[in-house]
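Reader: I have a structure open and would like to talk through a few spots in it. Could you take me through them one by one?

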Amino acid sequence: MFPKLNLVTAFYIGFSFIVISLISSSAHAANVNNADFRVSSDAGYSIAVYSQLSPIEINKIHSWIIEITDRNNRPLKSANIEMVGGMPDHDHGLPTEPQVTEEVEPGKYLLEGVRFHMQGKWQIIFTIKENGNKDQAILELQL
Amino acid sequence: MKKILVSIIAAAISLSSLSYFAWNNFSFSNTNEWSAEELRLIQSLSLAELPALSTDPSNRLANDSRALDLGYRLFFDTRLSSNSQVSCSSCHRPELMFTDGLPLAIGIDIGPRHTPSLVGTAYSPWFYWDGRKDSQWAQALAPLEARHEHESDRVSIIRLLAEDALLKNSYESAFGSLPVLESLPDSASPLGTDAQQQAWQDIESNQQAAISGAFANVGKALAAYQRLILPGRTRFDRYAAELAADKEMGETETLNSIEIAGLKLFIGQGQCINCHNGPLFTNHEFHNTGVLAIAGQLPPMGRYDGIRTARKDPFNCLGEFSDAIEGDCTELRFARDENDVVGAQKTPTLRNVSLTAPYMHGGQIKTLAEVMVHYNEAPTSMLSHNEAKPLELRAVELKQLEAFMETLSGPLATSSKWLSAP
């Protein structure tokens with residue numbers, strides 16, 4: 001269910017982004033602005049996640065805006081995005097089934113129904129299908 | 001020589017027994033220091049972190065004083081039952097933190113589930129042990145028509161409102177006119193006996209909608225009252241406040257060293273905080289923790305069935321009797337229904353837990369001490385899998401956890417005038 005992460009990068013950009021460490025997630029990550037993330041997919045798409053609940057808190061249902069650009073930094077339009085996730089240490093999934101309900105702008109998608117019900121390390125897998133291509137990106141976050 | 005050998009063996013046995021006894025029963029932890037992460041977790045459980053109750057988009061009168069007045073009267077009114085002896089407060093007894101002290105609820109008859117506390121439930125997105133209802137008002141309707149609870153029906157209840165001047169006035173000031181009842185049978189419901197169901201089918205659909213709408217309003221009034229049932233500050237919350245002011249503080253008059261050791265386990269090795277998190281000590285979610293099936297019943301499907309029932313419920317957030325728009329109903333629209341919720345039951349609050357025995361969805365476990373043993377052993381689930389893993393805590397540590405549970409009780413933050421019948 002949770003494939004090995006080998007091509008995942010996570011980096012800090014500007015004020016609104018935080019570092020997501022793949023090796024040792026800081027136990028204090030929830031104390032900073034734990035709401036905006038950026039990861040790259042296996043095929044090199046850039047995925048920016050903006051939580052509309054900032055910082056992310058447990059037990060509160062909320063939405064994310066997901067912005068995807070291709071390798072040439074152009075918005076990835078009309079993509080099909082699926083999100084699943086869980087806690088690798090606890091062997092369970094998300095308590096909800098979040099879904100993309102709208103492409104609010106070209107390459108910018110509204111993901112509704114996100115909720116986390118435990119503190120600790122979460123792993124989110126985005127599957128992106130566009131024009132016959134299938135791609136994955138993995139985001140780790142510490143709540 | 002033989003004698004000496006026997007003595008040595010005897011000494012070795014007694015020494016190892018003594019060591020085992022000591023290991024199992026004496027505390028070795030130093031509880032005078034909290035890490036930054038522990039301090040953060042302790043504050044996350046404090047009642048001071050509980051936000052003010054937000055509105056309920058599905059119930060526009062959730063915070064309305066007229067609806068509250070009606071709901072308060074109805075909550076204690078035994079006329080809402082077939083034998084005029086059962087009210088909501090028969091099982092949700094204010095003096096027992098709105099529980100009944102019984103393994104299984106007893107209304108008109110013995111029910112299939114343990115009565116959960118109502119304290120703080122207005123914060124929950126889901127109701128019933130299996131989450132088959134998605135609002136407090138929709139929940140309040142089901143017991144009124146359940147055969148083992150009130151065994152009443154929606155037409156009888158609307159009739160009662162119409163015939164009692166005080167209730168009629170209270171209802172109509174909040175919700176407007178009651179539906180016209182002339183030409184209707186005395187008793188009818190889509191959920192009742194065969195005769196009641198037949199009588200219901202004989203009613204015209206626009207009249208059915210008017211009756212069900214008024215019935216939904218009864219639930220909304222009951223919810224307006226139940227929203228006031230909120231937890232009050234406990235010894236734990238005072239300790240959290242003291243700790244927020246002085247992070248170096250260890251044992252105090254507020255919590256003793258055993259209780260503090262229990263708190264440390266609660267947020268650490270005991271893993272209790274995984275599910276019993278936040279200021280209400282619940283994540284409002286559903287988990288399979290390998291509790292034995294209720295005597296005489298098959299192991300329940302739990303949340304797997306609950307979410308399917310909630311989606312079909314005409315009184316759910318998306319239904320015609322809800323005041324919400326689709327965008328408000330995110331919990332229902334994006335709820336998870338996969339196989340991993342088979343056998344999962346709702347995490348109850350631990351606030352006032354020492355006052356609300358017995359425990360679990362069927363009241364299967366009598367005491368808190370036995371609950372600690374249950375989670376320490378994490379037995380195999382009869383259906384699907386137990387999410388919890390054995391904790392391997394020592395006997396003394398289970399006692400410390402139990403002692404910590406005792407610090408979570410305190411008087412409700414609800415004015416005493418709402419805690420007894422009008």
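Reader: Is B:Ser58 buried or exposed?
Author: B:Ser58 is buried, because 27 other C-beta atoms lie within 10 Å; a residue is called buried when 20 or more other C-beta atoms lie within 10 Å of its own, exposed at 12 or fewer, and partly exposed in between, with C-beta atoms placed from the backbone. Please keep in mind that this is a predicted model, in which local features need pLDDT of at least 70 and side-chain atom pairs count only at pLDDT 80 or more, while totals for chains, interfaces and linings use all residues. Residues are numbered from 1 along each chain as its sequence is written, and chains are lettered from A and ligands numbered from 1 in the order in which they are written.

Reader: Where is B:Ser58 placed, and what does B:Ser58 touch?
Author: B:Ser58 sits in the loop between H2 and helix H3 (65-75) of chain B, where helices (H or I, at least four residues) and strands (E, at least two) are DSSP runs numbered from the N terminus. Not counting residues up to four places away in sequence, B:Ser58 touches B:Ser135, B:Cys317, B:Ser322, B:Asp323, B:Ala324 and B:Asp328, a contact being two C-beta atoms, placed from the backbone, within 7 Å. B:Ala324 is 266 residues from B:Ser58 in sequence, yet their C-alpha atoms are 4.2 Å apart.

Reader: Switching to H3(B), at what angle do H3(B) and H9 pack?
Author: H3(B) and helix H9 (residues 205-226) of chain B pack at about 90 degrees, with their axes 7 Å apart; axes are lines fitted to C-alpha atoms, for helices over the stretch in contact, and angles run from 0 to 180 degrees between N-to-C directions. The two helices are therefore roughly perpendicular to each other, given that angles under 35 degrees count as roughly parallel, over 145 as roughly antiparallel, 65 to 115 as roughly perpendicular and the rest as oblique.

Reader: Which residues meet there?
Author: Among them are B:Leu68, B:Tyr72 and B:Phe75 in H3(B), and B:Val218, B:Leu222 and B:Tyr225 in H9(B). The residues of this contact divide into twelve nonpolar, one polar and one charged, with Ala, Val, Leu, Ile, Met, Phe, Trp, Tyr, Cys and Pro counted as nonpolar, Asp, Glu, Lys and Arg as charged, and the others, Gly among them, as polar.

Reader: And what about H2(B) with H10(B), at what angle do they pack?
Author: Helix H2 (residues 36-45) and helix H10 (residues 235-245), both of chain B, pack at about 135 degrees, with their axes 9 Å apart, which means that H2(B) is oblique to H10(B). From H2(B) the contact uses B:Leu39, B:Ile42, B:Gln43 and B:Leu45, and from H10(B) it uses B:Ala240, B:Leu243 and B:Ala244. Those residues divide into six nonpolar, one polar and no charged.

Reader: How many residues does the contact of chain B with chain A take?
Author: Chain B gives 16 residues and chain A gives 18 residues. On the side of chain B, H2 and helix H13 (330-333) each supply at least two residues, and the largest share, three residues, comes from H13(B). That side of chain B divides into three nonpolar, six polar and seven charged residues.

Reader: Last one: is B:Trp200 buried or exposed?
Author: B:Trp200, found in helix H8 (residues 194-201) of chain B, is buried, with 21 other C-beta atoms within 10 Å. Leaving aside neighbours within four places in sequence, B:Trp200 is in contact with B:Ala188, B:Ser189, B:Pro190 and B:Gln208.
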